[in-house]
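Q: I'm new to this one. Can you walk me through the model, piece by piece?
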Amino acid sequence: MYKVFVNDIPIIVSTKKEIGENYTTFPLKSVRLKKVIKKILIGELLYVNLYHPDETKLLKFLFKKMKVVVAAGGMVVNDKKEILFIYRNNRWDLPKGKTEKNESIEESAIREVEEETGVRDLEITRFITRTYHVFKRKGKLRLKETYWYEMYTEFDGDLVPEHSEGIKKVKWKNYEKSQKALKKSYANIKMLFPEKYLAGKSEDRVA
C-alpha cells in the first residue's frame, strides 16, 4: 500500500477493493487520476482508494498517470539529538529537492540539504522511506517521489536558509520543539517519524 498526498489528504493505492465504507474505489489501471485529484482539491472527494490486484504493478500504473519528479531529502540529527527543520510557505518542513542528471539519489539528498540549510559534513546513516505527493508546476499536475534519508552531522556553524527557494528560517529543534513544529508541518513529513515520537512518548532516536 502507498499513500499519495494531495495537500494533506491521502489517496490510498492498494491491492484491496474495499478499505472502508467512506472510501470510493477506482481501478488504478483505468482511473482518470487528474480528474479525481481536481475533485479532491475542490472538496468533492476526501476518501479515495486506487485499486490493483497485483502489488508489483501499483507504482507502474501510478507513474503512467502523471509526470514523475524524483527528489531526495534528509532528516538530519546532530550530536545533541536535535533535528534540522526549514520554514517555508508557513509550514515547518525538512530539506529536500529535485535530483539532478548524473547524480545518485544519495548525492542529491546531501546536496539539497547543504544548499537549503548551510549544514556541512553530513553522513547518511540509513534510508527511511519514500513519500509521494501531488503538486502543480506551470499549471500542470505532477507527482513527486521523494527519497528520505536519516543523516548525522556534528556541524555547529551558522545555518543559512536558501532564500531563493522560499526558505525563511532554518532551525535545530530539540524533542519538545520538534513536537510543536510537526503540528505545523505536512502529513507526508509526519510519516517519517514513528508514532510514539509524534505522540510524545519517547525522546530516543527519531526513526
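Q: Where does the model come from, and how are residues numbered?
A: This is a predicted model, where local features need pLDDT of at least 70, side-chain atom pairs count only at pLDDT 80 or more, and totals for chains, interfaces and linings use all residues. Residues are numbered from 1 along each chain as its sequence is written, and side-chain values use heavy atoms, with hydrogens and water left out.

Q: What are the spans of the C-alpha trace along its principal axes?
A: About 50 × 40 × 30 Å.

Q: What share of the residues counts as buried?
A: 47% of the 207 residues. Buried means under 20% relative accessible area, exposed means over 50%, and partly exposed is in between (1.4 Å probe, protein chains only).

Q: And what share of contacts comes from residues 24 or more positions apart?
A: They account for 67% of the contacts with a separation of 6 or more. Contact means heavy atoms within 4.5 Å.

Q: Let's start at β1. Which way do β1 and β2 run?
A: Antiparallel. Two strands pair if DSSP finds at least two bridges between them. V6 stands opposite I9 in β2.

Q: What else pairs with β1?
A: Strand β9, residues 123-137, in the parallel sense over 3 bridges. F5 has H133 in β9 as its bridge partner.

Q: Back to the hairpin. What sits between the strands?
A: There are 2 residues between β1 and β2, and N7 takes a positive phi near 55°. N7 is not a glycine. Most residues other than glycine have a negative phi.

Q: Is N7 buried or exposed?
A: Exposed, with a relative accessible area of 60%.

Q: Which other residue has a positive phi of about 55° although it is not a glycine?
A: N89 does. N89 lies in the loop between β6 (83-88) and β7 (91-93). N89 is exposed too, at 59% relative accessible area.

Q: New topic: how many aromatic pairs are there?
A: There are 7. Rings of Phe, Tyr and Trp (its six-membered ring) pair if their centres lie within 6.5 Å; planes under 30 degrees apart count as stacked, over 60 as edge-to-face and the rest as tilted. One of the pairs is Y23 with Y47, which is edge-to-face at 5.3 Å centre to centre and 70° between the planes.

Q: Why does that pair tie together parts that are 24 residues apart?
A: Because Y23 lies in the loop between β2 and β3 (24-27), while Y47 lies in the loop between α1 (33-41) and β4 (48-51). Y23 is partly exposed at 25% relative accessibility. Y47 is partly exposed at 38%.

Q: What about F127 and Y147? Why is that pair tilted?
A: Because their planes are at 45°, with the centres 6.3 Å apart. F127 is in strand β9 and Y147 in strand β10 (residues 140-153), 20 residues apart. F127 is partly exposed, at 40% relative accessibility.

Q: Which residues do ring pairs link into a cluster?
A: Y2, F63 and Y132.

Q: Which charged end sits over the ring of F135?
A: That of K144, 5.0 Å from the ring centre. K169 lies over the face of Y87, at 4.6 Å from the ring centre. A charge sits over a ring if NZ of Lys or CZ of Arg is within 6 Å of the ring centre and within 35 degrees of the ring normal.

Q: Another lysine, then: is K96 buried or exposed?
A: Buried, with a relative accessible area of 12%. K96 is in strand β8, residues 96-98.

Q: What does the side chain of K96 make a polar contact with?
A: The side chain of D93, at 2.9 Å. A polar contact is a pair of N or O atoms within 3.5 Å; within protein, one must be able to donate a hydrogen and the other to accept it, and residues adjacent in sequence count only if both atoms are side-chain atoms. Not counting residues up to four places away in sequence, K96 touches A72, G73, R88, E112, E116, T146 and W148.

Methods
Helices (H or I, at least four residues) and strands (E, at least two) are DSSP runs, numbered from the N terminus.
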